[in-house]
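Here is a walk through a two-part model, one region at a time. Keep the viewer open and follow along.

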Amino acid sequence: MSRTDELLNDPVFLRELVMDHYKYPHHHGLIDRKDLLSRHMASDSCIDDITVQADIKDGLIKDVRFDGVACTISTASTSMMSDLLIGKTLEEARDIISNYLEMIENREYDPDKLEEAVAFKNVYKQANRIKCATIGWKAMQEMIDESENRNG
Amino acid sequence: MFDVNEVRKDFPMIMNHPDMIYFDNGATTYKPHCVLDAMMEYYTCYNSNIERGDYDTAIRADKAYAHTRESVAKLVNCETKEVVFLANVTAALNQVAYGLAKDHLKEGDTVLLSEAEHASNLLPWFSLSKQKGFRIHYIPLDQQANADPEALERCLDDSVKVISLAYVSNVLGSVQPIKEICRIAHERNILVCVDGAQAIGHRKIDFKDLDADFFCFSSHKMCGPDGVGVLIGKYPLLQEMDPLLLGGGMNARFYADGSYILKDAPEKFEAGTPNIEGVIGLSAACEYLMSLGMDQIHAYEKELRSHFIDQIKDLDQIILYNPDNLSGPVTFNVKDIFAQDVAGYLASKGIAVRSGNHCAKILHEIIGTDQSVRASLYFYNTKEEIDRFVEALKGLSLESAIDVFI
């Protein structure tokens, strides 16, 4: 087991990671650009209310931004998602998202593709938090669909 | 005063989850054996549809269904013919809004609501105001969502025709001075509808003394079964009001030319086969509460709540939104920890509370937060449970909240 693998299985490290992404989320704050795709996710659950933006051009995710009022799980998981998806092709992004969603549903997935996002591998034990863990990811999935439909 | 440890034995949910602390009574309450037994007896001994059955079990079902009107009338001091059974308090509030919008309200009229109302006392009015052209205004509330009758009086002009308010706010437990509001309203021929969802089963309700025109509540928030709501209305007003649903059981005659004659209230509001089982269970719930005594229940809950407030008011990390309200839920946040993370942490300690905006999505204007944690008590809760809750809360930090799902 490599040092990274060890860390990603260490609950204390994972907790610190989630705390860090919650307190200091990456790619946080929306930008005012009309050419960005955007999703306001407020209807799925009563309480998290976030907006995710994506800059998708030539089949590449150039940027992801998000903001809103949200819990530790949705904030940190969306922050980690932004780190993972920026710079990826749509195909790579889809693969990462689908592995993540498999993990959240407690099915087989490739942890190497998810890097830090494996921090949420146990969320399935609390069914009511699955929505929190997927809200940002579903927004991204929808925007990838939209961009492909637009170009297809 | 009843013995809470004896009372707890009446509730199978408590006996089946002896270590769980259930502080989500604002959402729903547990059902005692007697309520479950009454429903089981209906299904096992006299399961039949009501009305016009010419056989013994049907007649027995008719009687049991009708008997609930008497139990409810006794519980809230109204006439039996003023008791309408619907699906829930939401259906009752929709019925009132629909009925008043149809024949009582016209363009330019005003309906007064408050920003502390539950969605079910706002959305029907929102929708109907668009169709009928009446306006909606909000009465002024203080920071703990209490309405002041004098401030209300200043809002009243000739356009105000209806006031619809929750007796007890589902978020803050604010108790509105309904009797005083009714007095002021009736001087000006304004009708008053009361959402009693969080009041029923927690305090003595005297419909005649309050002098409200309509009073709505749900059975499941007073130890009764789900799926039954009650609309109490002054009889002449019910007679004038059009039903929201039409169908079987509520018509007297109808003809091929499209004309029809409806039954009198309350039956004309109860189209279709009702929730017979639920209505029968509600009767048992009314009797159960009356056997404990509504005044005793209320006094015990106040005592519990004040113990709760005493225990948490000095905790540094707690922001309390309604310390001064004497009844209803205790609503709070923990500094720097999102409400749902608090609820998730408490759940891991076997404590059931609710986080969110509690279906009162415009209340944040008053209390300055979008979401909060609500701990709502009932007469089967204990001081020991509150002490355990407070101990659990003391162990809450961002770290421990995250550890729950790592």
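Let's start with a strand pair: strand 12 (residues 330-334) and strand 15 (residues 372-375) of chain B run antiparallel and are joined by three bridges. Within that pairing, F332(B) sits opposite V373(B) of strand 15 of chain B. Keep in mind that this is a predicted model.

That pair belongs to an open sheet of four strands in chain B, ordered 11-12-15-14, with antiparallel pairing. Strand 11 (318-320) and strand 14 (354-356) of chain B are the edge strands; each has a single partner strand, so one side of each is left without a neighbour in the sheet. From one strand to the next, the twist averages 35°. Helix 13 (residues 339-348) of chain B packs on this sheet and touches strand 12, strand 14 and strand 15 of chain B. The direction of helix 13 makes about 165° with that of strand 14 of chain B.

## Strand 8 and its two partners

Now over to strand 8 (residues 229-233) of chain B, which is mostly covered, with five of its five residues buried. Both faces are covered: G229(B), L231(B) and G233(B) are buried on one side, and V230(B) and I232(B) are buried on the other.

Which strands pair with strand 8 of chain B? One is strand 2 (residues 83-86) of chain B, which runs antiparallel to strand 8 and is joined to it by four bridges. Here L86(B) has G229(B) as its bridge partner. Another is strand 7 (residues 214-218) of chain B, paired with strand 8 in the antiparallel sense over five bridges. In strand 8 of chain B, V230(B) is the residue that F217(B) stands opposite.

## Helix 3 against helix 11

For some helix packing, look at helix 3 (residues 33-45) and helix 11 (residues 276-292) of chain B, which pack at an angle of about 145° with their axes 8 Å apart. Helix 3 of chain B passes helix 11 of chain B in a right-handed crossing. On the helix 3 side, the contact is made by C34(B), V35(B), A38(B), M39(B), Y42(B) and Y43(B). Helix 11 of chain B brings I276(B), E277(B), I280(B), G281(B), S283(B), A284(B), A285(B) and Y288(B). By class, the residues of this contact come out as eleven nonpolar, two polar and one charged.

## A look at K74(B)

K74(B) lies in helix 4 (residues 56-76) of chain B. Is K74(B) buried, exposed or partly exposed? With 13 other C-beta atoms within 10 Å, K74(B) is partly exposed.

Leaving aside residues up to four places away in sequence, K74(B) touches C286(B) and M290(B). As for R374(B), 300 residues apart from K74(B) along the chain, the C-alpha atoms of the two are separated by 31 Å.

## Where the chains meet

The contact between the chains takes 17 residues from chain B and 17 residues from chain A. Helix 13, strand 14 and helix 16 (398-403) of chain B each supply at least two residues of the side that touches chain A. Helix 16 of chain B gives the most to that side, with five residues.

What is the make-up by class of the side of chain B that touches chain A? It has seven nonpolar, six polar and four charged residues.

## The two chains overall

Chain A has six helices and three strands, and its pattern along the sequence reads α-α-β-β-β-α-α-α-α. The radius of gyration of chain A is 15 Å, close to the 15 Å that the globule rule gives for 152 residues, so chain A is as compact as a globular protein of that length. Taken along the principal axes, the C-alpha atoms of chain A fill a box of roughly 40 × 30 × 25 Å. Of the 152 residues of chain A, 39% count as buried. For contacts in chain A between residues at least 6 apart in sequence, 58% join residues at least 24 apart.

Chain B holds 16 helices and 15 strands. A compact globule with 406 residues would have a radius of gyration near 22 Å, and the 22 Å of chain B agrees with that. The C-alpha trace of chain B spans about 70 × 55 × 40 Å along its principal axes. Buried residues account for 50% of the 406 residues in chain B. For contacts in chain B between residues at least 6 apart in sequence, 72% join residues at least 24 apart.

Note on methods
Residues numbered from 1 in each chain as written. Chains lettered and ligands numbered in written order. Predicted model: local features only at pLDDT ≥ 70, side-chain atom pairs only at ≥ 80, totals over all residues. Axes fitted to C-alpha atoms, helices over the stretch in contact; angles between N-to-C directions. Left-handed = near helix turned anticlockwise from the far one by under 90°. Contact = placed C-beta atoms within 7 Å. Nonpolar A, V, L, I, M, F, W, Y, C, P; charged D, E, K, R; others polar. Pairing = 2+ DSSP bridges. Buried ≥ 20, exposed ≤ 12 C-beta atoms within 10 Å, placed from the backbone. Rg over C-alpha atoms; globule rule 2.2 N^0.38 Å.
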